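The sequence and model are shown first.

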Amino acid sequence: MRGATMRVLFYLPVITPWWFENIIVPLLEKLAADNEIHILAPIVWKGTGVGQCQYDLCAHMPQIHWHIVTDHDHVSMRTKATQAGAIIDFVKGLAPDFVLCRSADLETVRQFPGIVRHITEGGAEPLSFPVDAVHFTKEPFAHGIIPDLDDAHFRRLNSLVEPYWQPLVDACPAKGAARNAIRQWAKLPFDRPILFLPLEYEHEENFFTIHRKGALPNVRWVEELLDALDPRVFVAMTNHPLNELYVDNSAIEMLAATHPERLSLLPAQMPSGARTTPSLMRAADGVYLGDSKAFSLAAFCGTPIVRRSKFESANWLGASENLEGFAADLIKGCALAPSDASARTWFACHAANNLVWPKDPELTGADILERLSKPFNPERWERNLGVYAADWMRGEQVAT
């Protein structure tokens, strides 16, 4: 670092218009006042990249340095840059102190200098967080990671979350009641274990699907699951809300209609108006995950996890990689659930230590740089937790 003024690079090959407006612009506004800001991104393609709309949103920040890639290789920047060497050399020449990335090409950014962090979604259902809260991470899709905590850290986190945690837990129905209610409504079998599959977002703008450890698109992913799964286990699915808005779901709907004895695709809402996904997570015997952030719901609800992913799962989640063995445990009723105590610690640490809300009126550019340079800092816990915890007592924010 070179003193008070830092050089910050935003590397944004897969930035979408919503992300740019709601997350990147507020970060830029806080950082640009006292730091040298650069943006490296391709032109717009498949709903990602930077164009005139993004320039216009930053018109009040003329000090920003724009580096926009317009040549025919710009498409490859999203997934595997064909000109990775030139990009890396350019960034090395720029010599940023910090790099904030929104890129599905993980290998290229690993070679950037400075402190490099991915901007990832910060939401962790069923707790209420702003939809535009984010987490700065070394690797995306690492689920449930808790920093090394000593006894004093554990005690402090538990003390901070104590006023909120038990009311959140008490607001949820018992697993048995949830199980009976949703199976009756959805006409799911009562005599077979239910494996919940929350489908992942598969619009063309989501380039992160290149990391899926399984077939694409979702209909092939489900077919692959059915081929490998013991038929005594029934699969219940919900769709990703953005799939319902922007994607042709006819193939997955046809698959469910063709195999009603094996699986069911449930609507987004139950008759009560409650969202199906959190309700089904509580009721299911297990959940099948790739890189979905639904792992936090599974942790809160104590739902056993089988996960196929290239990325890390914390040990406390108890996530199995063996579908055959996991299915056998579901049938026997002995699948390993996530640790309740560790779930509480993770949620507390995520809210108190990890989350950044770019639109927080009290957040400063110096605060953002502190989050990047000090991923773990107990000094921010109390204030940070207070930003989010005020909404946690609302019952509609909890899995029901």
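## Confidence and overall shape

The model is predicted, and its pLDDT averages 94 over the chain, with 97% of the residues scoring at least 70. Residues 395-400 have a pLDDT below 50, although this stretch makes 23 contacts in the model beyond near neighbours in sequence. Where pLDDT is low, the predicted coordinates should not be read in detail.

The chain contains 15 helices and 12 strands. Its radius of gyration is 22 Å, close to the 21 Å that the globule rule gives for 400 residues, so the chain is as compact as a globular protein of that length. Along the principal axes, the C-alpha atoms fill a box of roughly 65 × 50 × 35 Å. Of the 400 residues, 54% are buried. Among contacts with a separation of 6 or more, 72% are between residues 24 or more positions apart.

In soluble globular proteins, nonpolar side chains tend to be buried together. The largest nonpolar core here has 50 residues, and the members that touch the most others are Leu-127, Phe-129, Met-281, Phe-300 and Trp-392. Helix H13 (residues 340-354) supplies the largest share of this core, 7 residues. A second, separate core has 31 residues, including Phe-20, Met-61, Ile-368 and Leu-372.

Leaving out residues up to four places away in sequence, Met-281 touches Lys-175, Phe-196, Val-287, Ala-294, Leu-297, Ala-298, Cys-301 and Thr-303.

## Helix H6

Helix H6 (residues 175-186) is 12 residues in length and spans 16 Å from its first C-alpha to its last, close to the 16 Å expected at 1.5 Å a residue. Which residues of H6 are buried? They are Ala-178, Ile-182, Arg-183 and Ala-186. These residues lie on the same side of H6, because they cover an arc of only 115° around the axis. The buried residues of H6 pack against strand E7 (194-198), strand E9 (263-266) and helix H10 (276-283). After H6 comes Lys-187, whose phi is positive, near 60°.

## Two individual positions

His-67 is in strand E3 (residues 65-69). Apart from neighbours within four places in sequence, His-67 contacts His-38, Ile-39, Leu-40, Ala-41 and Phe-90. Leu-94 is 27 residues from His-67 in sequence, and their C-alpha atoms are 11 Å apart.

Leu-245 belongs to helix H8 (residues 241-246). Leu-245 counts as exposed because its relative accessibility is 60%, where the cut-off for exposed is over 50%. Its C-alpha is 23 Å from that of Val-50, a residue 195 positions away along the chain.

## Backbone exceptions

Most residues other than glycine have a negative phi, and most peptide bonds are trans. The table lists some exceptions.

| Site | Feature | Value |
|---|---|---|
| Glu-125 to Pro-126 | cis peptide bond | omega about 10° |
| Leu-216 to Pro-217 | cis peptide bond | omega near -5° |
| Lys-46 | positive phi | phi near 50° |
| Ala-95 | positive phi | phi near 55° |

Pro-126 is in the loop between strand E5 (115-121) and strand E6 (134-137), and Pro-217 is in the loop between E7 and helix H7 (218-228). Lys-46 sits in the loop between strand E2 (36-42) and helix H2 (52-57). With 34% relative accessibility, Lys-46 counts as partly exposed. Ala-95 lies in the loop between helix H3 (84-94) and strand E4 (98-101); Ala-95 is partly exposed, with a relative accessible area of 30%.

Key:
Residues numbered from 1 in each chain as written. Predicted model: local features only at pLDDT ≥ 70, side-chain atom pairs only at ≥ 80, totals over all residues. Heavy atoms only, no water. pLDDT = per-residue confidence, 0-100. Contact = heavy atoms within 4.5 Å. Core = buried A, V, L, I, M, F, W, Y, C linked by side-chain atoms within 4.5 Å. Buried < 20%, exposed > 50% of the residue type's maximum accessible area, 1.4 Å probe, protein only. Helix = DSSP H or I, 4+ residues; strand = E, 2+ residues; numbered from the N terminus. Expected span 1.5 Å × (residues − 1). Arc of directions from axis to C-beta. Rg over C-alpha atoms; globule rule 2.2 N^0.38 Å.
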